[in-house]
Amino acid sequence: MTAKNIARVMGLADFPFMLVDHPIGSCTLPELKARAEMAYRQALPILLEE
């Protein structure tokens, strides 16, 4: 996975990140909203972590 490799190379192997399926350009509005909601659920614990 590219994000994990980039984080590892930068010395941040445990750096948290979220995943969003691509492509998003061809999504319908409901599909895009579902992906945004999934991203939000992944991001919230990362953002609230101290």
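Mentor: Before we start, a quick definition: helices here are DSSP runs of type H or I with at least four residues, numbered from the N terminus. Keep in mind too that this is a predicted model.

Trainee: Thanks! So where is Arg41 found?

Mentor: Arg41 is in helix α2.

Trainee: Is Arg41 buried or exposed?

Mentor: Arg41 has a relative accessible area of 55%, so it counts as exposed, the cut-off being over 50%.

Trainee: Switching topic: which residues make the nonpolar surface patch?

Mentor: Met18, Val20, Ile24, Leu29 and Leu32 make that patch, which covers about 410 Å².

Trainee: Where does Met18 sit, then?

Mentor: Met18 is in the loop between α1 and α2. Its relative accessibility is 35%, so Met18 counts as partly exposed.

Trainee: What is Met18 in contact with, leaving aside neighbours within four places in sequence?

Mentor: Met18 touches Ala39, Gln42, Ala43 and Ile46. For Ala39, the C-alpha atom is 6.5 Å from that of Met18, although the two are 21 residues apart along the chain.

Trainee: What about Ile24, where does it lie?

Mentor: Ile24 is also a loop residue, between α1 (2-9) and α2 (29-48). Ile24 is partly exposed, because its relative accessibility is 35%.

Trainee: Last one: which residues does the cis peptide bond join?

Mentor: That bond links His22 and Pro23, with omega at about 5°. Pro23 lies in the loop between α1 and α2.

How values were computed. Residues are numbered from 1 along each chain as its sequence is written. This is a predicted model: local features need pLDDT of at least 70, side-chain atom pairs count only at pLDDT 80 or more; totals for chains, interfaces and linings use all residues. Side-chain values use heavy atoms; hydrogens and water are left out. Patches are made of residues with over 30% relative accessible area and no salt bridge: like charges are joined within 9 Å, nonpolar side chains (Val, Leu, Ile, Met, Phe, Trp, Tyr) within 5 Å. Accessible areas come from the Shrake-Rupley method with a 1.4 Å probe; for residues, only the protein chains shown count as cover. A salt bridge is a side-chain nitrogen of Lys or Arg within 4 Å of a carboxyl oxygen of Asp or Glu. Helices (H or I, at least four residues) and strands (E, at least two) are DSSP runs, numbered from the N terminus. Buried means under 20% relative accessible area, exposed over 50%, partly exposed in between (1.4 Å probe, protein chains only). Contact means heavy atoms within 4.5 Å.
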